[in-house]
Amino acid sequence: MRDNPERSRFELEVNGEVAYADYRRQPGTLVIAYVYAPPALRGTGTADRLMQGVAEAARAEGARIRPLCGYAAAWLRRHREHSDLVG
C-alpha cells in the first residue's frame, strides 16, 4: 500500500488494478471518505488489505480514523483490534 498525497488517497495495486481509500487529513485524524475496489478485485480481499494498511498508517502517525464510507466503518467494526483508532 502507498500513500498518494497528491490525490489524497491510499492505494493498493494488484494485477495492474488500483484499489484506493480517499482521505482528508485533519489534525490527529484521517477521515476516510470512500473506499473503492475495481470490479476485477472485488471479492479477493483487496479492500480488506487496503484497510489494514490504512489502519497501520494511522497507528504509525498516532492518528485516529473517522470513517465516512460505509465499507470503512463496517471494516473497523469487524476488526476490533483497531477499535482504539476510531474517532
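Student: Which residues is Val35 in contact with, once its neighbours within four places in sequence are left aside?
Tutor: This is a predicted model, and in it Val35 is in contact with Tyr20, Ala21, Ala47, Leu50, Met51, Cys69, Tyr71 and Ala72. Each of these counts as a contact because heavy atoms of the two residues come within 4.5 Å.

Student: What makes a group of residues a nonpolar core?
Tutor: Its members are buried residues such as Val, Leu or Phe, joined through side-chain atoms within 4.5 Å. Here the largest such core has 24 residues. Val35 is among those with the most contacts inside it, together with Phe10, Ile32, Leu50, Val54 and Ile65. At least two residues each come from strand 2 (9-14), strand 3 (17-26), strand 4, helix 1 and helix 2. Helix 1 gives the largest share, seven residues. As a rule, nonpolar side chains in soluble globular proteins tend to be buried together.

Student: Why is Cys69 called buried?
Tutor: Set the value against the cut-off: buried means under 20% relative accessible area. Cys69 has 10% relative accessibility, so Cys69 counts as buried. You will find Cys69 in the loop between strand 5 and helix 2.

Student: What is Cys69 in contact with, its neighbours within four places in sequence left aside?
Tutor: Its contacts are Ile32, Ala33, Tyr34 and Val35. Take Tyr34: 35 residues separate Tyr34 from Cys69 along the chain, yet their C-alpha atoms are 4.9 Å apart.

Student: How do you know whether helix 1 and helix 2 are roughly parallel or roughly perpendicular?
Tutor: Look at the angle. Their axes cross at roughly 75 degrees and come within 11 Å. Angles of 65 to 115 degrees count as roughly perpendicular, and therefore helix 1 and helix 2 are roughly perpendicular to each other.

Student: Which residues make that contact?
Tutor: Helix 1 brings Ala47, Asp48, Met51, Gln52 and Ala55, while helix 2 brings Tyr71, Ala72 and Trp75. By type, these are six nonpolar, one polar and one charged.

Student: Which residues of helix 2 are buried, and what covers them?
Tutor: In helix 2 (residues 70-78), the buried ones are Ala72, Ala73, Ala74, Trp75 and Leu76. Their cover includes strand 4 (29-36), helix 1 (46-61) and strand 5 (64-67).

Student: How do you know that strand 2 and strand 3 pair?
Tutor: Two strands pair if there are at least two bridges between them. Strand 2 and strand 3 have six, in the antiparallel sense, so they meet the cut-off of at least two. One of the bridges joins Leu12 to Ala19 in strand 3. Strand 3 and strand 4 also pair in the antiparallel sense, over seven bridges, and there Arg24 has Val31 as its bridge partner in strand 4.

Student: What makes strand 1 and strand 5 edge strands?
Tutor: Five strands form an open sheet in the order 1-2-3-4-5, with mixed pairing. Strand 1 (2-4) and strand 5 each have a single partner strand, so one side of each is left without a neighbour in the sheet. Neighbouring strands are turned by 35 degrees against each other on average, direction ignored.

Student: Where do the helices lie on this sheet?
Tutor: Helix 1 lies across strand 2, strand 3, strand 4 and strand 5, at about 140 degrees to strand 2. Helix 2 packs on the sheet too, touching strand 4 and strand 5.

Conventions:
Residues numbered from 1 in each chain as written. Predicted model: local features only at pLDDT ≥ 70, side-chain atom pairs only at ≥ 80, totals over all residues. Heavy atoms only, no water. Buried < 20%, exposed > 50% of the residue type's maximum accessible area, 1.4 Å probe, protein only. Helix = DSSP H or I, 4+ residues; strand = E, 2+ residues; numbered from the N terminus. Axes fitted to C-alpha atoms, helices over the stretch in contact; angles between N-to-C directions. Parallel < 35°, antiparallel > 145°, perpendicular 65-115°, else oblique. Nonpolar A, V, L, I, M, F, W, Y, C, P; charged D, E, K, R; others polar.
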